Amino acid sequence: MKQVLNHARIVLADRVIENGALEIENGLIAAIHEQPLPEGEDLAGALLLPGLVEIHTDNLEKHLMPRNGVLWPTLPAVITHDAQCVAAGITTVLDALSVGDLEGDSVRLDTLHSAFAAINQGMDEGALRAEHFFHLRCELAYPGLLAELEPLIAHPAVKLVSVMDHTPGQRQYRDLEQYKKYYGKKKVGWNEDTFLAAVEERKAKQAEFASRHKQAVVEMAKARGIALASHDDTDAAHIDEALRDGVAISEFPTTLEAAQAARAHGLQTVMGAPNVVRGGSHSGNVAALELARAGLLDILSSDYVPTSLLHGAWLLHSQAGWGLPRAVATVSLNPARSVGLNDRGDIAVGQRADLVAMTVRGDVPLVRKVWNGGLRVF
């Protein structure tokens, strides 16, 4: 069945059609017109974008544990998370599931395998409105990492593996005071002595496990053709290390130096859309808008706030001075291609009809309608 979306400002990969029409057939984009057609669904001048592609969201965690100590049934949590993503214009989701955690008792450890199973169940049963894949975040200093990872990584829906090291004293937590401030909220009983003891314990685990775990994880990902990302690169040496590992994506570099080195060596740089929306990093790292203005930003991730993805892209346009096609590519074309999804991410004939109609109020984008494979899902 053919659908026509009419009177839309269509954002293509290289330009914007100011008043055009789009034809959809069998879930794919069949034709793009520079002028409106005589009939079709009237979008009344709304911007029409490709469906957003999210490659790193841990938004599911807050639905798995909506209140401290309260675990929610897993499939209902996944369905709620999915609905929130679709309402934000996200039609392709790489759920970022942490394999390992340095903080002991953790919702991440408790729900890893049940969440993985529930997402697959939701997809198999048609209960989800976005298309879901997996991003496995491997905490290198976690002792049980490989045992947790091996049953998951062979699944065909795994599209990205990242290597992380949240050991205090380096990378994101090179400033121990920032680490204490962030995790002290969860460890109410910490005093100076117990805090320093925890830091030493984590450093000991890093020394024992991180190097050999990373080698094993990299080999497992390469053997399966899965894209690799580094995490919280802080300096040029971290980028050199990532290159030796075969990494193609630098997630959340913490400094301008690291982002410059990533660009110089051809790595794609991911920054958090919440960083853009808030005007800076919550942990004192480099601002995403600073990287954008320096031409060092390729991909945005909503991380922990799904609505930040579209909002962040819009702010790249309105505050960093990027053209709409370039800004929109950070949340569609670039993330899709970075993980090997070549059938989506831009509005072009033959691509999936994953689409978002949006308007703007002030400087805030509003999602009006969403289609996934030509099916209206919001």
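This note comments on salt bridges and on one helix in the structure shown above.

1. Basis of the comments. The structure is a predicted model, in which local features need pLDDT of at least 70 and side-chain atom pairs count only at pLDDT 80 or more, while totals for chains, interfaces and linings use all residues. Residues are numbered from 1 along each chain as its sequence is written, and side-chain values use heavy atoms, with hydrogens and water left out.

2. Salt bridges overall. Side chains of opposite charge can pair when their charged atoms come close. A salt bridge is taken here as a side-chain nitrogen of Lys or Arg within 4 Å of a carboxyl oxygen of Asp or Glu. By this rule the model has 15 salt bridges.

3. The pair E23 and K2. These two residues form a salt bridge whose closest N and O atoms are 3.1 Å apart. Because E23 belongs to strand β2 (residues 16-25) and K2 to strand β1 (residues 2-11), the pair ties together parts that are 21 residues apart in sequence. Helices (H or I, at least four residues) and strands (E, at least two) are DSSP runs, numbered from the N terminus. E23 is buried, at a relative accessible area of 11%, whereas K2 is partly exposed at 49%. Buried means under 20% relative accessible area, exposed over 50%, and partly exposed in between (1.4 Å probe, protein chains only).

4. The pair D298 and R263. A salt bridge joins D298 to R263, with 2.8 Å between the closest N and O atoms. D298 lies in the loop between α10 (288-293) and β13 (299-301) and R263 in helix α8 (residues 256-264), so the pair ties together parts 35 residues apart in sequence. D298 counts as buried, with 15% relative accessibility; R263 is partly exposed, with 31%.

5. A linked group. D354 and R352 meet through their side chains in a salt bridge (3.0 Å, N to O). D354 is buried, with a relative accessible area of 5%. Both residues belong to a network of salt bridges that links E131, D343, R344, R352 and D354.

6. Helix α7. In this helix (residues 236-245), H238, I239, A242 and D245 are buried. Seen down the axis, the buried residues of α7 fall within an arc of 115°, so they line one face of the helix; the arc is that of the directions from the helix axis to the C-beta atoms. An α-helix has 3.6 residues a turn, so residues three or four places apart point the same way.

7. The ends of α7. D235 caps the N-terminal end, where a side-chain oxygen lies 3.2 Å from the backbone nitrogen of A237. Such a polar contact is a pair of N or O atoms within 3.5 Å; within protein, one must be able to donate a hydrogen and the other to accept it, and residues adjacent in sequence count only if both atoms are side-chain atoms. Just after α7, G246 takes a positive phi of about 85°.
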